[in-house]
Amino acid sequence: MRVPFRHPARLLLATLLMAGCQSTGATAPVVSGTPTAAAIPAPAAAAAQQSVSFTEWLAALRAEALSQGIRPQTFDRAFQRVKLSDRVVELDSAQPEFTRQVWQYLDSAVNEKRVQDGRQKLQEHAALLSRITRRTGVPGEILVAFWGVESDFGKSTGNFSVIDALTTLAFEGRRAAYFRSELLAALRILESGDIAPERMSGSWAGAMGQTQFMPTVFLRNAVDEDGDGHRDIWGSMPDVLASTAKFVLANGWRPGESWGQEVRLPDGFPYDQAELSITKPLSEWRRLGVRPLDESELDGDGSAAILVLAGHRGPAFLVRDNFRAIMRYNPSTSYSLAVALLADRMTGKPGVRGSWPREEQALSRDERIDLQQRLGALGMEPGAADGIVGANTRNAVRRFQASIGEIPDGFATKGLLERLRQRS
Ligand SMILES: [Ca+2]
């Protein structure tokens with residue numbers, strides 16, 4: 001949803017909102033010299049009209065918050081300086097023209113500097129990490145890897161006011177109901193006194209602190225590890241790492257198990273089986289010829305999936321339950337691979353040894369839509385032509401690849417699109 005007004009109107013809107021709040025018992029705005037509703041100059045009349053619904057919206061939110069046990073003074077202090085953010089709306093509605101290839105993302109998320117910084121953080125917090133690992137079973141390098149990928153070890157935690165960001169998204173974002181419940185959760189955090197509203201900063205989407213917890217995640221998992229009476233995931237490393245461990249454990253981490261490993265697939269491997277949704281016992285993968293890179297026998301039991309993110313010429317990974325636990329933090333295979341590989345690298349394991357097909361350029365959004373439309377026209381069932389390449393589109397690509405005698409690895413390339421265009 002696009003914003004119907006510009007920034008100055010938004011500031012005015014916030015002012016009007018506070019004026020509106022006074023009648024419902026909220027505190028007056030602290031901004032000095034702000035016009036009251038009656039003093040609005042004529043050109044702003046449209047903005048004044050727009051603001052009515054926001055004023056009402058906020059009054060309803062206040063009533064709901066109070067009914068959930070938020071004290072009026074907590075609510076009013078949180079919304080004292082609230083501003084709707086154009087930038088947040090812009091980021092919420094952004095549809096990137098190009099998505100990065102997985103190796104481009106990994107080059108950035110698991111760069112050499114970050115590996116070195118991670119090793120240093122492992123040493124620096126060794127005692128704390130080993131205490132948390134003893135208690136939760138989540139390895140220290142996994143916790144530090146989340147910290148590194150989420151905020152570059154606290155260097156980029158986001159400078160948005162969480163209340164401003166969530167208010168904007170709850171009022172006019174694409175997923176208003178979701179963000180409204182996150183906003184109410186943020187108010188419960190303020191109510192608990194864990195953090196002052198002016199220190200409650202985060203990403204444009206309201207992910208907070210060193211490991212970027214959404215407010216509902218905070219309420220379920222944040223821990224006061226240093227015992228000062230506050231769950232401070234912004235400034236206290238004991239609180240940050242213990243809270244992250246609790247969340248990772250709640251997401252299904254299995255102590256003592258690995259996330260998985262890079263593997264070698266044999267010639268003739270059934271690439272249509274290389275999907276995260278297809279889980280098989282390790283014995284079955286062994287039978288299909290999946291091997292560790294050193295060509296030894298795949299050991300262990302349990303089940304796993306095979307992940308091939310850049311076609312049959314790129315690396316393959318065998319991913320286990322703990323990889324899925326990582327994905328519950330952020331449901332992206334590239335993200336989870338970054339956390340897993342960063343943790344591996346910090347403990348001295350090698351990074352990816354297979355080579356990525358780096359000459360392959362990412363398809364633009366228009367090209368991805370064209371690909372989906374052409375696959376659809378051929379009856380390959382790629383799902384909606386939305387420019388997002390998911391399992392349906394990969395499976396349609398596989399059907400097309402099989403129909404022209406190529407290895408059905410589901411990897412959508414410029415060359416494949418070209419062959420599709422020649423077909424129709
Ligand atoms: Ca604390």
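**Strand pairing and helix packing in a predicted model**

Strand 3 (residues 260-264) pairs with strand 7 (residues 316-319) in the antiparallel sense, over four bridges. Pairing requires at least two bridges found by DSSP between the two strands. Strands (E, at least two residues) and helices (H or I, at least four) are DSSP runs, numbered from the N terminus. Residues are numbered from 1 along each chain, as its sequence is written. The model is predicted: local features need pLDDT of at least 70 and side-chain atom pairs count only at pLDDT 80 or more, whereas totals for chains, interfaces and linings use all residues.

The pLDDT is the predictor's confidence in each residue, from 0 to 100. Its mean over the chain is 88, and 88% of the residues reach 70 or more. Residues 1-49 have pLDDT below 50; beyond near neighbours in sequence, this stretch has 65 contacts in the model. A contact is scored if the C-beta atoms of two residues, placed from the backbone, lie within 7 Å.

Lys-280 has Ala-304 of strand 6 as its bridge partner. In a regular strand, side chains alternate between the two faces of the sheet.

Helix packing was described by axes, which are lines fitted to C-alpha atoms over the stretch in contact, and by angles from 0 to 180 degrees between N-to-C directions. Angles under 35 degrees count as roughly parallel, over 145 as roughly antiparallel, 65 to 115 as roughly perpendicular and the rest as oblique.

Helix 9 (residues 162-172) packs against helix 4 (residues 86-93) at about 60°, with the axes 9 Å apart. Helix 4 is therefore oblique to helix 9. The crossing is right-handed; that is, the near helix is turned clockwise from the far one by less than a right angle, and anticlockwise in a left-handed crossing. Helix 4 contributes Val-88, Val-89 and Asp-92 to the contact, and helix 9 contributes Ala-165, Thr-168, Leu-169 and Glu-172. By class, four of these residues are nonpolar, one is polar and two are charged. Nonpolar covers Ala, Val, Leu, Ile, Met, Phe, Trp, Tyr, Cys and Pro; charged covers Asp, Glu, Lys and Arg; the others, Gly among them, are polar.

The axes of helix 9 and helix 10 (residues 176-192) come within 7 Å and cross at roughly 150°. The two helices are therefore roughly antiparallel. Their crossing is left-handed. Contact residues of helix 9 include Val-162, Ile-163 and Leu-166; those of helix 10 include Phe-179, Arg-180 and Glu-182. The contact has nine nonpolar, one polar and two charged residues.

Helix 8 (residues 140-151) and helix 12 (residues 237-250) pack at about 105°, with their axes 10 Å apart. This makes helix 8 roughly perpendicular to helix 12. Ile-142, Leu-143, Phe-146 and Trp-147 of helix 8 meet Leu-241, Thr-244, Ala-245 and Val-248 of helix 12. Seven of these residues are nonpolar, one is polar and none is charged.
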